[in-house]
Amino acid sequence: MLIKNALIATASDLYPGDIYIKDGVIKEIGENLNIDDNEIIDAEGNYVIPGGVDVHTHFSLDVGIAISNDDFRTGTIAAACGGTTSIVDHIGQGPVGSTLKSRIKHYHELADGKAVIDYSFHGVIAYNADEEKIKDMKELIKEGIESYKIYMTYGQRIGDEEALKVLKTAKENNAIVSVHPENHAAVEYLRKYYVENGMTSAEYHPKSRPEECEAEAINRIITLAHIVGDAPIYIVHLTSDMGLDYVKMARKRGQKNIYVETCTQYLVLDEELYKLPRTEGLKYVMSPPLRNKSNQEKLWRGIKNGDIQVVATDHCPFSYEKEKVPMGKDDFTKCPNGAPGVEARIPVLFSEGVMKGRISINKFVEVTSTNPAKICGMYPKKGSIAVGSDADLVIINKNKKINITKSLFHENVDYTSYEGLELQGYPIMTIVRGKVIVKNNEFIGEEGYGQFIKRYKNNDLVIY
């Protein structure tokens, strides 16, 4: 395949050129390339970027009361149509007594033969960090799973002592720990308070999980990581300036191995949506919740300044009509937590970020593709336009105007969080390992084309 007349955008450069692909890999980049006997794609001067890398999805996640609506077929089709070519999924923890290896094996079975883009998994250390989990963790690191998630809230949370064990193991075995940071005791106290006092509508969801709960947990996990020798941590779905302040303080005192992710929804949506009439606010019940609008520009500034390294999605959709309303209409604490977003990330961030001048095209590529690939051990195979990299490419037409509606998207859920949002610019082609799988928002790929990615942390890569 030969892509002609591209405006090639990477995390560091922007230049016109052609890209020659053979056997799924980029073989040559230059201007006016002439190579016979190839499929020719005319990019017509549009941006060509490295395919999006979303390192925070929840496909087929069983949360006990419901299972997220997208499996590895529908979820990766949606991702591809939105310009994402690789995902790393946070596996479900399973019932008490599940082994780490058994859960990874289960997720291989869920994804194999279904995924249409390349994929990997984060291990999850749930309930405790016993000897068997630590042993499994060490063995799985050697098998290419270099990231492990811990929760500081929910039933599967682990305490500080257990967290220290996981952090120390990661530090000693060249892995990274992904952290959901919320103060569990405070959240439980507030949820109980609101319910007992009859304040059960969606409006009270953000009040029950205030930004102070997130910020305290961020500060605590940073401190625990420092205790075991600056263990590498990856803070997921940061929502607030208060939490980011603790990160910046730690970096200022010399703690280097802290990486921060925010999500698309926290950049463009806010807590006023919980006040929508009837049960509409339940669509936005996610944890952590949407915040006061004042946080948005601070998060954008954090991205621009390099304080936030990644924008992901936390894609975890549940049906509004069949699950969120029946379970949550009388009590927001019973509503399944999560929302769709894997398809919207690239177009929304491009429109709201690049086209509105909040971030450059290079920063956009950095936070949606290159940095997540680096942090999660996939670079330069993924997240790069360079000779030898996988030919995972997306063409974006910056002049294409789109009004988001549910019917535009391919996610297997009955709503989108971004209904009515007007976009300037949209992906018009997605290529995975040299094969066109999406053209003009139509999936033309093959079920099962996606391959498992073995990931190994590279300590020599500088992220910020």
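Helices (H or I, at least four residues) and strands (E, at least two) are DSSP runs, numbered from the N terminus. The structure is a predicted model, in which local features need pLDDT of at least 70 and side-chain atom pairs count only at pLDDT 80 or more, while totals for chains, interfaces and linings use all residues. Residues are numbered from 1 along each chain as its sequence is written, and side-chain values use heavy atoms, with hydrogens and water left out.

**Backbone geometry**

Most residues other than glycine have a negative phi, and most peptide bonds are trans. Arg-433 has a positive phi, near 45 degrees, and is not a glycine. Arg-433 sits in the loop between strand S15 (422-432) and strand S16 (435-439). With a relative accessible area of 14%, Arg-433 is buried (buried means under 20% relative accessible area, exposed over 50%, partly exposed in between; 1.4 Å probe, protein chains only). Asn-5, also not a glycine, has a positive phi of about 60 degrees. Asn-5 belongs to strand S1 (residues 2-9) and is partly exposed at 41% relative accessible area.

**Cysteines**

A search of the whole structure for disulfides (pairs of cysteine sulfur atoms within 2.5 Å) finds 0. Cys-335 is in no disulfide, and its nearest cysteine sulfur, that of Cys-316, is 11 Å away. Cys-335 is buried, at 2% relative accessibility. For Cys-376, the closest cysteine sulfur is in Cys-263 at 13 Å, too far for a bond. Cys-376 is buried as well, with a relative accessible area of 2%.

**The chain as a whole**

The chain holds 13 helices and 17 strands. Its radius of gyration is 21 Å, close to the 23 Å that the globule rule gives for 464 residues, so the chain is as compact as a globular protein of that length. That radius is taken over C-alpha atoms, and the rule is 2.2 Å times the number of residues to the power 0.38. The C-alpha trace spans about 70 × 50 × 45 Å along its principal axes. Of the 464 residues, 62% count as buried. Among contacts (heavy atoms within 4.5 Å) between residues at least 6 apart in sequence, 77% join residues at least 24 apart.
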